[in-house]
Number of protein chains: 2
Amino acid sequence: MALSKKPVTGMKDIMPEEMEIRDYVQSVIKQTYRSFGFTPIETPCVENIANLSNKQGGENEKLIFKILKRGEKLNLETAKGEADLVDGGLRYDLTVPLVRYYSNHANELPSPFKALQMGNVWRADRPQRGRYRQFMQCDIDILGEPTNIAEIELILATTTTLGRLGFKNFQIRINERRILKAMAAYAGFQEESYDSVFITLDKMDKIGLEGVSAELINDGFEKAVVDKYVGLFEGIENSDNGVLFLKDTLGEFLDNDAAESLNEIIESVESVKEAEFEMVFDPTLVRGMSYYTGTIFEIAMPEFGGSCGGGGRYDKMVGNFTGQNVPACGFSIGFERIILLLMESGFKVPGSGERIAFMVEKGITGERLAQVMKEASDARKEGKQILVVRMNKNKKFQKEQLEAQGYSEYKEFYKEELKH
Amino acid sequence: MALSKKPVTGMKDIMPEEMEIRDYVQSVIKQTYRSFGFTPIETPCVENIANLSNKQGGENEKLIFKILKRGEKLNLETAKGEADLVDGGLRYDLTVPLVRYYSNHANELPSPFKALQMGNVWRADRPQRGRYRQFMQCDIDILGEPTNIAEIELILATTTTLGRLGFKNFQIRINERRILKAMAAYAGFQEESYDSVFITLDKMDKIGLEGVSAELINDGFEKAVVDKYVGLFEGIENSDNGVLFLKDTLGEFLDNDAAESLNEIIESVESVKEAEFEMVFDPTLVRGMSYYTGTIFEIAMPEFGGSCGGGGRYDKMVGNFTGQNVPACGFSIGFERIILLLMESGFKVPGSGERIAFMVEKGITGERLAQVMKEASDARKEGKQILVVRMNKNKKFQKEQLEAQGYSEYKEFYKEELKH
């Protein structure tokens, strides 16, 4: 087979300019999250195929890169389908591996456990601009904390990080699965139609309240039910505090603490926040994953149509592995989107030290070469970035190239020190 | 299929204590290599299967995790063998992807190009203590530099990094493929038997010179040839400078510049080095990979039987992709072994800031909670690591747990400030 110079379809080589920004963003993220007491952990990129195919991953489960069994386990003659050929797959997110990790190591881990993960995930999506089949995810999760301290800490940590990266005027949109359901119940929808109702509700930002109403009626729901539902959204719109309005209106349809806790999250974050952003209650926020059980939230960036990250509470996922539920809540930053936004805005990594190119005449050898290397070594100890290169015939062109790499100072070394 | 709490066979979950050390080592490596002008890059973890199966990878090619074709490309009924089912694989090293990357982007990259890669690689080795099927590699490579500036810079950068991580009294053992070959030619071995001779030579540290001699004769080589070969090693042993001894002795069997250049590398590094280590010419150093064309080197650590990293010059590998050779030289640090050594020595990451646990009475909500969060936020701004946790009934036990996580200071918050 011929060698291929290109990366595999849909994945990309990362060039030096982008890497510099990625490294910087990673270091800001790690430093900020650490100050909030999050602990970095890592899981293998490969997971057992069973763990990736248990329906928690929704649509992502159709996009798995599957790994062939090896050695005696692979029996091509008797294989009837993919399942006989495959025993592992590349992870499509960091949540499934985290829950497996926690289930495996709960006895060794503190409670609550605050995990920070930065790692690649893989999805065989149709390749398109700015979306790749391998991409970095960056998640923080708190396991074992049932109260809204978890949500408050997750949102503060994430927004502080975004602020330190220079983002402002964004929103954290927040909702509660229990409020979503209570609103539907109050209006008179049957529980089995909630998913369908929420798919329509999710289109609110595109088709507006009237559009949602029309689509629901078109789907065959009773006009009275739809009107009552729409009325709730109008009520929220006309109230000072949508959450408290719902608490009063929904009455026994809503768990006693759901609205109060949500309100407390919004108010605590608003009063403590470091970054410039706004907390917004968004009763139309749905989020796709079926594993969410409570709060759900998303980052909305003005520079970017769509979400730049999100998360929520998933109190029942650990139970799938261990039989015993553990309260859990997580927030995932859209790392690749943030990098894209920074690249497009011409972002420069701050304070990346002095860079000097040592240009060494061809033919310098022996002691003279050691002298040059020693001088480079001394400058490096002072924190300078020193590039030792052979001098080209066309020095002017070479200097232009070096300037493009960020070297604005040069020092030339010749065989005889006199020329220097 | 049942969910599995364990990681896949042979791969491991990384626990918080190890991650802290890994993160620290990575940051020292990146910072030091950057000061030498190396530029971080990244390639996808998945490579085209053709690139992984072109014989450059030696034994590693038998250990590839292969990835199933997807969608229409996968046709199970007509598949006759693995090759029909697979189009990608997980990379087994970082050198093949680097060479592909360079071939693909040479026009956009400076010359010489100094690359730094830190990334996971996968090999389906038999699992054993301390060796895993997913592990981190950390490589620096210089492409486009034909002179020994490349070797000197690679060895200085690597050893400076090791020194800053606290390692000393190690050796860099160095040899030259051209010297290896010239010695064999001088003794009278035929070129087609070099590989077999070198496999025996490689056992020198285990079986000694006599053992090597006996095995070569046993393999059917002429006694006169073997004696002449053995005589060279004795001559090196008895000389002040083995490299210059060989230069004189081998005469026209050896390229004119090979010995001088090697000697210059050793002397330059010795006179400039920052870390405490020794450069040692080792005429028995072979290194397995067939792609090496010139210098080869290895890190020998007294704490660790065997090599802790190595590298060499591979001037003909880019040519496999582009048809045009480019001088290239690389050095790979044995990242996982270094982590293992640091873990076993009880290494503590230096200067990992003040850690304070804020213990919050159950039932604190509303404004009082916001107050606590504000205080945490202020302390975090000062660089402290603050963990906000709910207070347990058994405070003593909770504090012991927190201490194990590195929190030696506590602050307790109660509903009423008076109690505080």
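Me: Which domains does the domain assignment of chain A give?

Reply: You get domain 1 (16-167 + 301-344) and domain 2 (355-419); the bounds come from an automatic or database domain assignment. By the way, this is a predicted model, where local features need pLDDT of at least 70, side-chain atom pairs count only at pLDDT 80 or more, and totals for chains, interfaces and linings use all residues. Residues are numbered from 1 along each chain as its sequence is written, while chains are lettered from A and ligands numbered from 1 in the order in which they are written.

Me: How do you know that the copies meet through the same surface?

Reply: Contact means that C-beta atoms, placed from the backbone, lie within 7 Å. 100% of the interface residues of chain B are also interface residues in chain A, so the surface is the same. Chain B brings 85 residues and chain A brings 85 residues.

Me: Why is one side of strand E1 and of strand E8 of chain B left without a neighbour in the sheet?

Reply: Strands are DSSP runs (E, at least two residues), numbered from the N terminus, and two of them pair if DSSP finds at least two bridges between them. The open sheet of chain B runs E1-E5-E6-E11-E10-E9-E7-E8, with mixed pairing. E1 (39-40) and E8 (277-281) of chain B stand at its edges with a single partner strand each, so one side of each has no neighbour there.

How values were computed
Two residues are in contact if their C-beta atoms, placed from the backbone, lie within 7 Å. Helices (H or I, at least four residues) and strands (E, at least two) are DSSP runs, numbered from the N terminus.
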